[in-house]
Amino acid sequence: MTVSSSGAKPNRPDFLLKPAPGTSCRWTGATRRISRGKGLLEGFIKISGLFDMESQKQVIERLRAAFRSGVTTPLHFRLTQLEALLSLLEDNEPQILQAMHKDLAKPKFEAVLSEVDLVVNDLCYAISNLHNWMQPSYVGKNLATKLDNCFVRREPLGLVLIIGAWNYPLQLILSPLIGAIAAGNCAILKPSEISKATEQLLSELIPKYLSQECYAVVCGGAEETKLLLENRFDHIFYTGSQAVARSILQAAAVHLTPVTLELGGKCPCLIYGRLDIKAGAKRLVWAKFFNVGQSCVAPDYVLCTTEMRDALVPAIREALEEFYGPQAQQSPDYGRIITDRHYDRLMELLGKSEGKVVIGGDGAKEERYMAPTVIVDLKESDALMQEEIFGPILPIITIESLDQGISFINQREKPLALYVFSDESQIVTTVLERTSSGGFCSNDGIVHMTLPGLPFGGVGASGMGSYHGRWTFETFSHRRGCMLRGWGLERISMLRYPPYSERRLGWLRWATTAKKKGWGGCSVM
């Protein structure tokens, strides 16, 4: 286990207490060099192995001490750290892209779009809006509380743990961190050990750019994570599989720690009614085979009529050739499966399937290449329909009616995302109203999660809680209901004191009961 953090005293980095230069998304190069204490931090990187002796508990205690000192609470500190995180991405984009190519052979285009730019946009959105997010929200009052100051105050939770995933190893650790910083928390980051190059890079860059008293990176595998979870945190944010999520929930229950779970599941794509087949096939292929299908929001399977399937398969084949050429294995725009173990799992699933392979089906284990694959004539009991595929295999299930398709979806666990392809708005509306999923998108895939104004998260087995944009800030904030009272209207207050009487009860109910729709009443004074 390696812990990347500084052993400095909580009051060391005075520059971290200076106000950020406004709320812009840029710092000058000179400011960056001065602010980070470059020589000291380069020394830390060189001798980071010495920090292996520091136990997790010591790191946690140090971060808790920093939080208790109040250093993370001021607006200018939060903005300073968000600006520093933005600089981390701007300064190190080539190294980030190189690490992701090493882990997943991820094309630069995909890495920039789904990792770097997505996080940069979230950062700029937070920096621009943080001042407003931090303002108290005032609530409606009744006659009895007319002179009181009643509001909701958003306060940081404390020390939070963020556990990332390997398929988007930068985005899935930094996007939650943005909200944790914006909300005024300290944080421990646990990147996935499966994406080794990105894990190593994050463990070097985070302590170089962010406050070492408030944020730390813990590296390691399952055993290190298990030990980490024995400690008490004020919130745990996990992205990954349902199996691991159950273990995290059990560990969190010991300390009654709230948890956000960003999981996945089998995201259906229901194609029905009139449709531009060529455009629909291109959007489906892009969403399914982006990152080689290793996306929790990728369409997991297609539901359509037999007639639609017969038109769709040739269109998919044409789109695949247009995107990746006649041999996807030779395309620089098609990535690779993360590890041999994940490759073997996908090939085993494919081998167990009783469906008919109409596109692809081949692979090369030595380079973890798996061809874009489409399978038809599957039964509901097929091996490919029993678990999330999480790879470049697209089953197509045929249905006879829209009701049958909706019933098929509703008989299964609620997915993280649900897609409907149709030119008929009534069909889209019907599916939207009669199903439940974490997110919903018509006539496209994945893109709904790129908008910071929309909450992203699951429901039921696909997860709990949401994030992106303000929703991440809210996830890592405690909404504290506050009432600041004076000594006015004591004559009304006296109505609640014993000895009780029917007359007093009548007056009290009149003073505290809501009189019209949308007006906040209060039944207890």
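In what order do the strands of the open sheet of 7 strands lie, and what is the pairing? In this predicted model, the order is E11-E14-E15-E10-E9-E16-E17, and the pairing is mixed. The edges of this sheet are strand E11, residues 356-359, and strand E17, residues 439-442, each of which pairs on one side only. On average, neighbouring strands here are turned by 25° against each other, with direction ignored.

One point of reference for the eye is Lys356, whose bridge partner in E14 is Val376.

A further open sheet has 3 strands, in the order E2-E3-E19, and its pairing is antiparallel. Its edge strands are E2, at residues 137-138, and E19, at residues 477-484; each of these pairs on one side only. In the order of the sheet, E3 stands between E2 and E19. Strand E3 covers residues 149-156 and pairs with E19 in the antiparallel sense over 8 bridges.

Next come two helices. Helix H4 is made up of residues 75-91 and helix H8 of residues 196-209; they pack with their axes 9 Å apart, at an angle of about 135°. Why are H4 and H8 described as oblique to each other? Angles over 145 degrees count as roughly antiparallel and those of 65 to 115 as roughly perpendicular, while the rest, once those under 35 are set aside as roughly parallel, are oblique. The angle of about 135° between H4 and H8 belongs to that remainder, and the two helices are therefore oblique. The crossing in which H4 passes H8 is right-handed.

Rolling a probe the size of a water molecule over the atoms shows where empty space is left. The model has 6 cavities of 30 Å³ or more, and the largest cavity holds about 70 Å³ of space. Which residues line the largest cavity? Its lining consists of Leu118, Asn121, Asp122, Met449, Thr450, Leu451, Pro452, His468 and Gly469. By class, the lining of the largest cavity divides into 4 nonpolar, 4 polar and 1 charged residue. Asp counts as charged, and Asp122 is among the lining residues.

Methods. Residues numbered from 1 in each chain as written. Predicted model: local features only at pLDDT ≥ 70, side-chain atom pairs only at ≥ 80, totals over all residues. Heavy atoms only, no water. Pairing = 2+ DSSP bridges. Helix = DSSP H or I, 4+ residues; strand = E, 2+ residues; numbered from the N terminus. 1 Å grid on protein atoms, 1.4 Å probe; cavity = no way out; pocket = protein on both sides within 12 Å on 5 of 7 lines; lining within 4 Å. Points joined across faces, edges and corners; volume = space filled by probe spheres on them. Axes fitted to C-alpha atoms, helices over the stretch in contact; angles between N-to-C directions. Left-handed = near helix turned anticlockwise from the far one by under 90°.
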